[in-house]
Amino acid sequence: MADAATQPLKEIAIDYTPEACSHCATSNTITLTYDHRGGARWRTASRFRSGTFSALIRCPSGDTSGLNFNLYLSSLEGDKSQDEIDFEFLGRDRTIVQTNFYSEGVGNKERIHHLGFDASDGFHEYVIVWGSDAIEWRVDGKVVRREERKEGEGFPEKAMFLYASVWDASWVAEGKWCGKYCGGDEPYVCVYRDIRVPVGTSVVD
């Protein structure tokens, strides 16, 4: 699966709690902080039709139980008919990552992957390669999952933003998904570095 050309991310939009998100375009670094203010979410300024999306991510350390930190594509966060492709870190266990994808709001395609490291120990590269016929999720250059378009099954094809957020997911599945938040090690800081997005596939809304 050939990777499309990429370029550094220069501009972002912040959906909520801008004071908990910092962006340095020069160093191509974004930090998200979860503390008493709640979390924050950033996204690209435009949607993309396809391509390769990547970032070096260092997840928060300490007791992160209850938190969800992530990197994902979505046609529009909060839309019930969204297309979406996810990397999600589950705060109860930073040695795993969950992948998932949605088409027209229908998901339930979650898979858990064992990383072989603690995602807070340093920067690791997470890549989503989204094409017309297949999706690949990669960690540090290794393909951890590949999904091909299948006849009669939904596949993400709407133009999508690149998003990232840190939020308290304690209420999901009564804490079984990400754990229950205790907050003893606030503030929790997730750092994104060398974020890259496709060349030539952005869509002007």
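Reader: What ground rules apply here?

Author: The model is predicted: local features need pLDDT of at least 70, side-chain atom pairs count only at pLDDT 80 or more, and totals for chains, interfaces and linings use all residues. Residues are numbered from 1 along each chain as its sequence is written, and side-chain values use heavy atoms, without hydrogens and water.

Reader: Which residues does UniProt list for "active site"?

Author: UniProt annotations may be inferred rather than shown by experiment; positions follow the numbering used here, and feature names are shortened. The unreviewed entry lists Glu84 and Glu88.

Reader: Where do Glu84 and Glu88 sit in the fold?

Author: Strands are DSSP runs (E, at least two residues), numbered from the N terminus. Glu84 is in strand β9, residues 84–90. Glu88 is in strand β9 too.

Reader: Is Glu84 buried or exposed? And Glu88, buried or exposed?

Author: Buried means under 20% relative accessible area, exposed over 50%, partly exposed in between (1.4 Å probe, protein chains only). Glu84 has 10% relative accessibility, so Glu84 counts as buried. Glu88 is buried because its value is 11%.

Reader: Which residues does Glu88 touch?

Author: Contact means heavy atoms within 4.5 Å. Leaving out residues up to four places away in sequence, Glu88 touches Asn68, Phe69, Asn70, Val97, Gln98 and Trp177. With that exclusion, the residues touched by Glu84 include Tyr72, Asn100 and Met160.

Technical notes
Helix = DSSP H or I, 4+ residues; strand = E, 2+ residues; numbered from the N terminus.
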